[in-house]
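Here is a walk through one structure, from the overall chain down to the ligands. Keep the 3D view open as you read.

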Amino acid sequence: MATMELDEISELATTTLMRFGADEANAGAVARIVTGAERDGSHSHGLFRLPGYVKALKSGRVKGDAAPTAIEMAPGILRVDGDDGFAPLALEVMRDPLIGMTRRQGIAMCGVIRTHHFAALWPEVEMLAEAGLVGMAMTQAMPYVAPAGGREALFGTNPQAFAWPRPGKAPLAFDQAASTMARGDVMIHRRDGQPVPIGVGIDKDGNDTTDPGEILDGGVQLAFGGYKGSAIALMVELMSSSLIGERFSHEAKAAHNGDGGPPVGGEFVLAIDPAQASSGDRWAEHGDSILNRIENMEGARLPGARRHANRAKGGAAEVSDAVLAEIAAL
Ligand code: NDP
Ligand code: PYC
C-alpha cells in the first residue's frame, strides 16, 4: 500500500482523465467522487475504477465533454439527461433543482438518464441528507447476478443507498449492492489471490465456488439473502430503468463494447423533506433515539460509521500499489 494525500489523489485522477480527453468539469466531478471514496475507505469504487473510466474515454463510448441538463417534467418529477457522460457531473447538476423542488413540495424524484455509473451511491444520498432531506438512490449495472433459483446472469449488482439527516451530526447512510458481494470486491479478491465466501457466486456449471475467477469467467454472482435480495435487485431494475426510460442491466450489456468501463444506464433518486412529512418537529430527535440505541449497543454499529470514522481521520489514504501500477501503465 502507498500513502497518498487526498489532494494528490484528486490531482492524479483529474490529470489522468484530462489526458484522455475529459474536460475540466467532467474530470473534476469524477475526481471528487474517486477522492471521496478513497478518503472514506470505499476502495472498490475509488482509484480502482480510474482505469475503467479511462478505457471508456479511449474507446469513445463515453463523452468526456458531456454537458448534463436538468428539466422539471411534472410537479415532483425531475429528469437529468447526462448527455452520455459519466454520472458524477450529472449528479452535481441534479443537486440544486432536486433540493429546491423537494423543499417546495415536500417530496421529489429524479430520473438520471444517459449516464455511466461506476461509483458508490452514498455521495448522492449524503448530499441530500446534508441539505436536511431524506435521500434514496438506486441504479442498475450490467448482468452479473442470477435471479434466485436461476443460473443466468440477468440483474446488475444493483446498489441501493439511503441517507437520513441528523442535524449537527454526520447523516446515517447505508449503501449496499443487491449481490452478496459487489463485483468490484470479487475482482479485488481475484487480483489478490483471495477466495470469496460460499454464497457470493456459482461457477459455469451452477456449483458453489470460493474461486472468484470461476464466478467472473462464465459463472454468475448471487443476490444477498436468496430470493429476498433477488426481489430487491428486480425492484432496482424496474425503478432505475423502465420507470425513468432507461435500460435494464442486460440491455446495458448490449450497448457496451467490452472496454471495461462503466455501463450506460439510469439512476432513480428520491428526496423527502422530513419537516413536511412528519407531524410536528420531533422527527430528528425521534430518529436519533433509535440510532443512539444502535450506537450504544455492544457489538452493533450504524451503517456508514466505518466510512465516517475514516473520513474523520482526514489527511491521507492508503492506496493499493496494484491500482497505482495499473494507472501508471495507462
Ligand atoms: P458492504 O457490504 O461493504 O456494505 C454495505 C453497507 O453495510 C454499508 O453501508 C456498510 O457501512 C454497512 N455495513 C457493513 N458492515 C456492517 C456492520 N457490521 N454493521 C452495520 N452496517 C454495516 O457494501 P457492498 O459491497 O454491498 O457495496 C460496496 C459499494 O459498491 C457500495 O458503495 C455500492 O454503491 C457500490 N456498488 C456500485 C455499483 C454501481 O453500479 N455503481 C454496483 C454495485 C455496488 P460502511 O460503509 O460504514 O462499512
Ligand atoms: O462493484 O458491482 C460493482 C459495480 C458495478 C458497477 C460499478 N460497480
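A quick definition before we start: buried means under 20% relative accessible area, exposed means over 50%, and partly exposed is in between, with a 1.4 Å probe and protein chains only. The other one to have ready is that helices (H or I, at least four residues) and strands (E, at least two) are DSSP runs, numbered from the N terminus.

Now some housekeeping. This is a predicted model, where local features need pLDDT of at least 70, side-chain atom pairs count only at pLDDT 80 or more, and totals for chains, interfaces and linings use all residues. Residues are numbered from 1 along each chain as its sequence is written, chains are lettered from A and ligands numbered from 1 in the order in which they are written, and side-chain values use heavy atoms, with hydrogens and water left out.

Let's take the whole chain. The protein chain carries 13 helices and twelve strands, and 52% of its 330 residues count as buried. Its C-alpha trace spans about 55 × 45 × 40 Å along the principal axes. A compact globule with 330 residues would have a radius of gyration near 20 Å, and the 19 Å of the protein chain agrees with that. (The radius of gyration is taken over C-alpha atoms, and the globule rule is 2.2 Å times the number of residues to the power 0.38.)

Go next to strand β5, residues 134–139. Five of its six residues are buried, so β5 is largely enclosed by the rest of the structure. What does it pair with? Here two strands pair if DSSP finds at least two bridges between them. Strand β11 (residues 264–272) pairs with β5 in the antiparallel sense over six bridges, and Ala 137 has Val 269 in β11 as its bridge partner. Strand β7 (residues 160–164) also pairs with β5 in the antiparallel sense, over four bridges. There, Met 136 stands opposite Phe 162 in β7.

A separate stop is the open sheet made of three strands in the order β6-β10-β9, with mixed pairing. β6 (145–146) and β9 (201–202) stand at the edges with a single partner strand each, so one side of each has no neighbour in the sheet. Between β6 and strand β10 (residues 220–222) the pairing is parallel, over two bridges. Look for Ala 146 and you'll find its bridge partner in β10, Leu 222.

Helix α5 is mostly covered, with eight of its nine residues buried. Among those buried residues are Trp 122, Glu 124, Glu 126 and Leu 128. After α5 comes Gly 132, with a positive phi near 85°.

Now for the ligands. Ligand 1 is surrounded by 23 residues, the closest being His 45, Ala 119, Asp 175, Ala 177 and Arg 306; a residue is near a molecule or strand if one of its heavy atoms lies within 4 Å of it. A polar contact is a pair of N or O atoms within 3.5 Å; within protein, one must be able to donate a hydrogen and the other to accept it, and residues adjacent in sequence count only if both atoms are side-chain atoms. A side-chain N or O atom of His 117 is 3.3 Å from a nitrogen atom of ligand 1. On the backbone side, a polar atom of Ala 177 is 2.8 Å from an oxygen atom of the ligand, and an N or O atom of Gly 304 lies 3.0 Å from an oxygen atom of ligand 1. On its own, ligand 1 has 920 Å² of accessible area, and the protein covers 74% of it. Such areas come from the Shrake-Rupley method with a 1.4 Å probe, and for residues only the protein chains shown count as cover. β8 (172–176) and α12 (305–313) are the elements that give two or more residues to this shell, and β8 provides the largest share, four residues.

Which residues are around ligand 2? They are His 45, Arg 49, Phe 118, Thr 157, Ala 182, Arg 183 and Gly 184. A polar side-chain atom of His 45 is 2.8 Å from a nitrogen atom of ligand 2. The side chain of Thr 157 has an N or O atom 2.6 Å from an oxygen atom of ligand 2, while Arg 183 places a backbone N or O atom 2.8 Å from an oxygen atom of the ligand. Taken alone, ligand 2 exposes 240 Å², of which the protein buries 91%.
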